[in-house]
Amino acid sequence: MIIIVAALGIRSGLLVGIAIPTSFLMGFMILNGLNYSLNEMIMFAMLLAVGILVDGAIIVVEYADTRLPQGNPPKIAFAEAEHRMFWPVVSATLTMISAFLPMLMWPGVSGRFMSYFPISLIFGLFSSMVVALVFLPVLGGTIASLFDRLFGPIERDHELERAIEASETGDWREIGGITGWYAHQAERLSRYPGRVIVGALVIVVGVITSFVVFNKGTEFFVDTDPEFASVLISARGNLSAFEKRNIVQDVYKRVATVDGIKYIYASAGGQSNNLNSQGGTPVDNIGHLSIELKNYTERRPGLDILNTIQQRTSNIPGVHV
């Protein structure tokens, strides 16, 4: 809303801003009618659609704003905007929708999971098109008429009229401001189409080459720095409870000298676990240490600490840690 109001003004910004919740509500109504429940993928699609669904509304409102300073009544200006901008809005919306349609053909479980994303986005874009072409012109004409009664009609902008006339006749020298600067730059670049094409190709090749050379790959599941650790102690033989305790104490003393450890809880006697084949507690377990590391800002990386623990406990005769 801050960006829209800064670019279009209060009245036009409010009209375009209305398109955001209206399109969302219409999209949610369609999804609810199809028995879709809200989930993370739908909300992510709606989040992405926020910056897209205002495009049609901006086109309609901006065209109507160019007609109001020329003396056209608000309702006529918005009706003309709806008529003249119908196909641009429809074609732009269908182009964006067609970009997400292939995602509906994604096979397998991942395809069914990801299908919520394009479906929600398509419904959101379709709703924004309906809002821009049906609701917004009617609402815009009403609000503009209300503004005229409260603050007076918009004065004719002769500079804007000259700029519109210049854009239609092709005389760029009559256009001022940022639009005029852009028009002059576009006119200058159009004199050298070959150079522009070569420059664009160089930029594209440079971007692709940089990506290939400096690409770091893709990591779906990031290895986070550990904050806790479990040290399992195993030994074979007919050991008494005191012998198990002494072995666990020996391991504890070695581990306690490692920097970066906050707490150590030692337990002797072993644990029973039926998930040995799945990486559970070993059958010859005689004790374990539960370790909590210090805050990551107060220690070295957790993996280095774990490697140090393994080194200091690797030479105990008859004991596997």
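A residue counts as buried when its relative accessible area is under 20%. By this cut-off, 33% of the 321 residues of the chain are buried in the predicted model. The chain exposes about 20900 Å². Carbon and sulfur atoms supply 62% of that area.

The chain contains 13 helices and 4 strands. Contacts were also examined by their separation along the sequence. Among those with a separation of 6 or more, 70% come from residues 24 or more positions apart.

The 4 strands form an open sheet. Their order is β2-β3-β1-β4, and the pairing is antiparallel. Strands β2 (261-268) and β4 (319-320) lie at the edges. Each of these edge strands pairs on one side only. The partner of β2 is β3, which spans residues 285-293. These two strands run antiparallel and are joined by 7 bridges. Within this pair, A266 stands opposite L289 of β3.

Two helices pack on the sheet, α12 and α13. Helix α12 covers residues 241-256. It touches β1 (228-235), β2, β3 and β4. The direction of α12 makes about 170° with that of β2. Helix α13 covers residues 302-312. Its contacts in the sheet are with β1, β2 and β3. The direction of α13 makes about 150° with that of β3.

Methods:
Residues numbered from 1 in each chain as written. Predicted model: local features only at pLDDT ≥ 70, side-chain atom pairs only at ≥ 80, totals over all residues. Heavy atoms only, no water. Pairing = 2+ DSSP bridges. Contact = heavy atoms within 4.5 Å. Axes fitted to C-alpha atoms, helices over the stretch in contact; angles between N-to-C directions. Buried < 20%, exposed > 50% of the residue type's maximum accessible area, 1.4 Å probe, protein only. Areas by Shrake-Rupley, 256 points an atom, 1.4 Å probe, with all protein chains shown as cover.
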